[in-house]
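Have the sequence and the 3D view side by side. The paragraphs below go from charged pairs to the sheet, then to the nonpolar cores.

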Amino acid sequence: MAESVVQIDADELRKAAITHLVFDLDNTLLIHKTNELSAETVAYIAGLRQAGFKIILGSNTRRDTDAVVEAMQGKGVRVRGLSMKPFKSYYKKVIAAAETEPEHIAMIGDHLINDVIGANRAGLKTILVKSLSRRTLTFNAAYIQWLKKYAQKT
């Protein structure tokens with residue numbers, strides 16, 4: 001877990017054998033339905049690229065994200081039909097785009113089900129970041145409480 005994308009430690013990623021980073025878009029990199037990355041985020045991602053990490057945008061949005069992908073100087077994996085997060089078919093496309101094994105890929109996102117559980121089921125490592133939206137924060141908090149109760153029962 002991390003407070004924000006820019007607080008993710010590149011050295012820790014390297015220690016975990018991560019070579020590819022897949023970023024969720026809405027409420028992870030930028031506020032939902034906007035398309036402009038902050039200067040801080042652009043600089044952070046540029047630093048990751050310079051450190052040798054491959055960058056991928058992995059989002060469920062159906063809007064045009066070409067400007068964001070270009071600003072990140074990475075690749076984008078688009079939603080097609082029902083092939084979207086959290087389904088394994090979507091994460092297979094992510095793995096194919098990365099051209100590496102799933103254990104070398106980290107999905108970074110603000111949504112427990114789509115970004116964390118979906119990616120983990122496909123063999124990717126995950127980093128949950130604090131959402132830029134209060135709505136997602138409320139959902140995640142409620143889901144975490146449910147998981148804690150469920151874990152105590154088993």
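Which residue's side chain does aspartate 11 meet in a salt bridge? The partner is arginine 14, at 2.8 Å, N to O. A salt bridge here is a side-chain nitrogen of Lys or Arg within 4 Å of a carboxyl oxygen of Asp or Glu. The model is predicted: local features need pLDDT of at least 70, side-chain atom pairs count only at pLDDT 80 or more, and totals for chains, interfaces and linings use all residues. Residues are numbered from 1 along each chain as its sequence is written, and side-chain values use heavy atoms, with hydrogens and water left out.

Both aspartate 11 and arginine 14 sit in helix H1, residues 10–15. They are three residues apart, about one turn of the helix. An α-helix has 3.6 residues a turn, so residues three or four places apart point the same way. Helices (H or I, at least four residues) and strands (E, at least two) are DSSP runs, numbered from the N terminus. Aspartate 11 is partly exposed at 47% relative accessibility. Arginine 14 is partly exposed too, at 41%. The cut-offs are under 20% relative accessible area for buried, over 50% for exposed, and partly exposed in between (1.4 Å probe, protein chains only).

The whole structure holds eight salt bridges. In another of them, lysine 85 meets aspartate 24 at 2.7 Å, N to O. This pair links distant parts of the chain, 61 residues apart. Lysine 85 is in the loop between strand S3 (75–77) and helix H4 (88–98). Aspartate 24 is in the loop between strand S1 (20–23) and helix H2 (39–50). Lysine 85 is buried, at 3% relative accessibility. Aspartate 24 is buried as well, at 7%. Asp24, Lys85 and Asp115 form a network of salt bridges.

Aspartate 26 pairs with arginine 63, with the closest N and O atoms 2.8 Å apart. Here 37 residues separate the partners. Aspartate 26 lies in the loop between S1 and H2, and arginine 63 in the loop between strand S2 (54–58) and helix H3 (66–72). At 12% relative accessibility, aspartate 26 is buried.

Now the sheet. Five strands run in the order S3-S2-S1-S4-S5, as an open sheet with parallel pairing. S3 and strand S5 (125–128) are the edges; each has a single partner strand, so one side of each lacks a neighbour in the sheet. From one strand to the next, the twist averages 25°. S1 and strand S4 (residues 105–109) are joined by four bridges; two strands pair if DSSP finds at least two. Valine 22 stands opposite methionine 107 in S4.

Helix H5 (residues 112–121) lies across S4 and S5. H5 runs at about 160° to S5. Axes are lines fitted to C-alpha atoms, for helices over the stretch in contact (heavy atoms within 4.5 Å). Angles run from 0 to 180 degrees between N-to-C directions. Buried residues of H5 include Leu112, Asp115 and Val116. Just after H5, glycine 123 has a positive phi of about 95°.

Last, the cores. A nonpolar core is a set of buried Ala, Val, Leu, Ile, Met, Phe, Trp, Tyr and Cys residues joined through side-chain atoms within 4.5 Å. The largest has 25 residues; Leu21, Phe23, Leu29, Leu48 and Met72 touch the most other members. H1, S1, H2, S2, H3 and S4 each supply at least two of its residues. Another core, of 15 residues, lies apart from it, with Ile56 and Tyr90 among its members.
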